[in-house]
Amino acid sequence: MNLENLKINLNNLSNIDIDALYEDLVLYSELDFNNWKPYPKQLDFHKSLKKGRLILGGNRSGKTQVAAMESIFHATGKYPDWYPEEGKIASPNFGRIVVTDYGKGFASVLKPKIDQWLPKSIIKGIKKNHEGWPERYYLKNGSSFDICTHQQEQDVFEGWSGNWAWFDEPPPRDKYIACLRGTVDFDGRMWITATPITEPWLYDEIMLNTERDAWHIAVSMYDNPYISAKSIKEFEVSLTDEEKEARIFGKFLHLSGRIY
């Protein structure tokens, strides 16, 4: 059900159903993401119209936060006033979020952001797997998105098709390709957020492949205005020069020491 283009014969609904529908419409109309204030490089990510986007970021650089917001915009169909019209995806739509694992990648990293920015009032239901982890979120506007992990078997990734997909941290290439194929049916979009310590294939696949409709940006811990330079310095002194390149400045670890 697309609440923005709702066409329902009210004569077929009970008074209780009509009251519930009215409450959903009010909640949806009041959903406003204009209070999300991205810093300049995050804004560049949101405004890029490329089908593929790669954010290379140091730890605590805000890369996961901005990608989570992008996912929530598309899933809800509600966008900040500054979001480009050409980048919007009509709802209802189907998405997929791929994290490293459920225990850390979802529970510790992703879930707090979903709980903060995706109101429970617009969630219709959550399908859980046999271990009790969320497998799919269903929204009241008819959209849905999956939660998958790098640890799942390849057949979980094959056969899927959707409008958008987000990988939080560098995925194994075979899982990336399966989801990329899955976006073809809908001419969909995909983005990856990565501290580039593993999976160096991303460098060749996205950054050097000029035939791809792709965009990339590196964000460092120092770009994030919400953490102090003092705290970053305390972290930085514990790292090797190679680790600083990846964990502070979002540069590929396998390129450390190269001269251009």
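**Exercise 1. Which residues line the second largest cavity of this predicted model, and how do they divide by class?**

Step 1. List the lining: Ala68, Ser71, Ile72, Ile97, Leu110, Ile114, Leu118, Phe145 and Trp166 line the second largest cavity.

Step 2. Sort these residues by class: eight are nonpolar, one is polar and none is charged.

Step 3. Assign them to elements. Helix 3 and helix 4 each supply at least two residues of this lining, and helix 3 gives the most, with three residues.

**Exercise 2. Describe the largest pocket by its volume and its lining.**

Step 1. The space in the largest pocket comes to about 850 Å³.

Step 2. The pocket is lined by 30 residues, and the closest to its centre are Arg60, Lys63, Thr64, Val109 and Glu169.

Step 3. Two elements give two or more residues to this lining: helix 3 (63–76) and helix 4 (102–117). Helix 4 gives the most, with five residues.

Step 4. By class, the lining of the largest pocket holds eight nonpolar, 14 polar and eight charged residues.

**Exercise 3. Is the pair of Phe45 and Trp215 stacked, edge-to-face or tilted, and which parts of the chain does the pair tie together?**

Step 1. Begin with the total: the whole structure has 16 aromatic pairs.

Step 2. Take the geometry. The ring centres of Phe45 and Trp215 are 6.4 Å apart and the planes stand at 45°, so the pair is tilted. Planes under 30 degrees apart would count as stacked and those over 60 as edge-to-face.

Step 3. Locate both residues. Phe45 belongs to helix 2 (residues 40–47) and Trp215 to strand 8 (residues 214–219), so the pair ties together parts that are 170 residues apart in sequence.

Step 4. Look at the surroundings of Phe45. Phe45 has a relative accessible area of 1% and is buried. The charged end of Arg53 sits over the ring of Phe45, 4.3 Å from its centre.

**Exercise 4. Describe the pair of Tyr176 and Trp201.**

Step 1. The centres of the two rings are 5.0 Å apart with 50° between the planes, and the aromatic pair formed by Tyr176 and Trp201 is tilted.

Step 2. Tyr176 is in helix 5 (residues 173–182) and Trp201 in helix 6 (residues 201–207); the pair links distant parts of the chain, 25 residues apart.

Step 3. Tyr176 and Trp201 are both buried.

Step 4. For another aromatic grouping, turn to Phe33, Phe73, Tyr79, Trp82 and Tyr83, which form one cluster.

**Exercise 5. Where is Asn224, is Asn224 buried or exposed, and which residues does Asn224 touch?**

Step 1. Asn224 is placed in the loop between strand 8 and helix 7 (229–236).

Step 2. The relative accessible area of Asn224 is 10%, which is under the 20% limit, so Asn224 is buried.

Step 3. Leaving out residues up to four places away in sequence, Asn224 touches Tyr39, Arg60, Ser61 and Gly62. Arg60 is also among the residues closest to the centre of the largest pocket.

**Exercise 6. Where is Ser91, and how many Å separate the C-alpha atoms of Ser91 and His74?**

Step 1. Ser91 lies in the loop between helix 3 and strand 2 (94–99).

Step 2. Ser91 counts as buried, at 8% relative accessibility.

Step 3. Ser91 and His74 are 17 residues apart along the chain, and 7.6 Å separates their C-alpha atoms.

Notes:
Residues are numbered from 1 along each chain as its sequence is written. This is a predicted model: local features need pLDDT of at least 70, side-chain atom pairs count only at pLDDT 80 or more; totals for chains, interfaces and linings use all residues. Side-chain values use heavy atoms; hydrogens and water are left out. Rings of Phe, Tyr and Trp (its six-membered ring) pair if their centres lie within 6.5 Å; planes under 30 degrees apart count as stacked, over 60 as edge-to-face and the rest as tilted. Helices (H or I, at least four residues) and strands (E, at least two) are DSSP runs, numbered from the N terminus. Buried means under 20% relative accessible area, exposed over 50%, partly exposed in between (1.4 Å probe, protein chains only). A charge sits over a ring if NZ of Lys or CZ of Arg is within 6 Å of the ring centre and within 35 degrees of the ring normal. On a 1 Å grid over the protein atoms alone, a cavity is a set of points where a 1.4 Å probe fits but cannot get out, and a pocket is an open set with protein on both sides within 12 Å along at least five of seven lines; lining residues have an atom within 4 Å of a point. Grid points are joined across faces, edges and corners, and a volume is the space filled by probe spheres set on the points. Ala, Val, Leu, Ile, Met, Phe, Trp, Tyr, Cys and Pro count as nonpolar, Asp, Glu, Lys and Arg as charged, and the others, Gly among them, as polar. Contact means heavy atoms within 4.5 Å.
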